Amino acid sequence: REVILSVKGLKKHFHLGSGQVVKAVDGVSFDVYRGETFGLVGESGCGKSTIGRTLIRLYNATEGSVTFKGDDIYQLKGKKLKEFNQKMQMIFQDPYASLNPRMTVLNIVAEGLDIHGLARGEERRKRVIDLLKVVGLNAEHANRFPHEFSGGQRQRIGIARALAVKPEFIIADEPISALDVSIQAQVVNLLRKLQKEHGLTYLFIAHDLSMVKYISDRVGVMYLGNMVELANSEELYGHPLHPYTEALLSAVPIPDPDASKKRERIILEGDVPSPINPPSGCRFRTRCPKVMELCAIAAPEWKEVVPNHWVACHLYDKEQK
Ligand code: SF4
Ligand code: MG
């Protein structure tokens, strides 16, 4: 499998006026394979959106490296940078906030075509109308404004805008969280269909584990700026290793009544600590039901415990077994 995106030791720290440092992302490593959907999950504030924004260069990385098709994305210049800005697109959580209310759908969807000089005049209009059809809208929608659409339709406009420049990689930051449940599956199905037809790779950011399971090939679980577990979907949902993943999964309703007997709801005590002063050692230790003495002293290593299944937890240290 071809690695299209490789993230190594990524850190993104924000310096506050007070001199404090928010360690929003604090040493995260993972690869994304071409054509897959990589789900990134965790509670709000865990750093998943910051990762998305850092990967698309809205932020610079504080430390670590990100390579896209073999190139360090922070070193890109000229033609290569332009190509990156075209091949990597983002879909946002709030389709209303991310669409300019004063622009027609035609001009919104054509934005990328304009920026990259891909089409003009009648060709531009034709491309936009084709894209609207691809996402389930129609030609009459082109001259309307964002407020004339429902949330689901607005997200379709956002998807058409991203698709316009023929991307290879789409970062979708909670693309369905703001939508009615009845609309969520429609948008997910559209994303899946587009993935197949255009060979797209997705980084799908979400806090809803059930939807991530449905759409993702592999899933990375984030907690307080760290990735704590990474595996393919089936493996992660069937055999979670990290106590945090276990707790998150215990809150996901299981349709099979037999399986629900086996999975007891784990309620985590306390709040997520501040990323300004994260706990020493394992950052999850203040809420972990399986915490040990060692957990306060040393940060657990990120290691491949079973083939292709990575976890950061002292329960899986060799000497513990
Ligand atoms: Fe819990 Fe310790 Fe594992 Fe952290 S390292 S998840 S505190 S058992
Ligand atoms: Mg977010």
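**Figure 1. Ala160 within helix H5 of the predicted model.** In this predicted model, Ala160 takes its place in helix H5, which covers residues 151-163. Ala160 counts as buried because 24 other C-beta atoms lie within 10 Å, and a residue is called buried once 20 or more are found within that distance. When neighbours within four places in sequence are left aside, the contacts of Ala160 are Val109, Leu131, Leu132, Val134 and Val135. The view also takes in Val105, which stands 55 residues from Ala160 along the chain, while the C-alpha atoms of the two are separated by 9.7 Å.

**Figure 2. The largest nonpolar core and Val109.** The largest nonpolar core has 76 residues, and those touching the most other members are Val109, Ala160, Leu203, Phe204 and Val221. With residues up to four places away in sequence not counted, Val109 touches Val128, Leu131, Leu132, Ile157, Ala160, Arg161 and Ala164. Leu131 and Leu132 are therefore found in this list and also among the contacts of Ala160, by the criterion that the C-beta atoms of two residues lie within 7 Å.

**Figure 3. The chain as a whole, as a setting for the close-ups.** The chain is built with 11 helices and 12 strands. Its radius of gyration is 21 Å, close to the 20 Å that the globule rule gives for 321 residues, so the chain is as compact as a globular protein of that length. Buried residues make up 37% of the 321 residues, and, among contacts between residues at least 6 apart in sequence, 63% join residues at least 24 apart.

Figure 4. Strand S8 comprises residues 201-206, and six of its six residues are buried, so the strand is largely enclosed by the rest of the structure. In a regular strand the side chains alternate between the two faces of the sheet. Here Thr201, Leu203 and Ile205 point one way from S8, whereas Tyr202, Phe204 and Ala206 point the other way, and all are buried. Two of these residues, Leu203 and Phe204, are also among the core residues that touch the most other members. Strand S3, residues 37-41, pairs with S8 in the parallel sense over five bridges, and strand S7, residues 169-173, likewise pairs with S8 in the parallel sense over five bridges.

**Figure 5. The antiparallel open sheet.** Four strands form an open sheet in the order S2-S1-S4-S5, and their pairing is antiparallel. The edge strands are S2 (21-33) and S5 (71-72), each of which pairs on one side only. Strands of a sheet pair through backbone hydrogen bonds, either parallel or antiparallel. Strand S1, residues 3-15, pairs with S2 in the antiparallel sense over 10 bridges, and within this pairing His13 has Lys23 of S2 as its bridge partner.

Figure 6. The buried residues in H1 are Lys48, Ser49, Thr50, Ile51, Gly52, Thr54 and Leu55. Just after H1, Arg57 takes a positive phi of about 70 degrees, although Arg57 is not a glycine. Most residues other than glycine have a negative phi, and most peptide bonds are trans. Arg57 lies in the loop between helix H1 (48-55) and strand S4 (63-68), and this residue is partly exposed because 17 other C-beta atoms lie within 10 Å.

**Figure 7. Lys69 in the loop between S4 and S5.** Lys69 is found in the loop that lies between S4 and S5. Lys69 has a positive phi of about 50 degrees, although it is not a glycine. With 18 other C-beta atoms within 10 Å, Lys69 is partly exposed.

**Figure 8. The surroundings of ligand 1.** Ligand 1 is surrounded by 14 residues, of which the closest are Cys282, Arg285, Cys288, Cys295 and Cys313. By residue type, the shell around ligand 1 divides into 10 nonpolar, two polar and two charged residues.

Key: Residues numbered from 1 in each chain as written. Chains lettered and ligands numbered in written order. Predicted model: local features only at pLDDT ≥ 70, side-chain atom pairs only at ≥ 80, totals over all residues. Core = buried A, V, L, I, M, F, W, Y, C linked by C-beta atoms within 7 Å. Buried ≥ 20, exposed ≤ 12 C-beta atoms within 10 Å, placed from the backbone. Helix = DSSP H or I, 4+ residues; strand = E, 2+ residues; numbered from the N terminus. Rg over C-alpha atoms; globule rule 2.2 N^0.38 Å. Near = placed C-beta within 6 Å. Nonpolar A, V, L, I, M, F, W, Y, C, P; charged D, E, K, R; others polar. Pairing = 2+ DSSP bridges.
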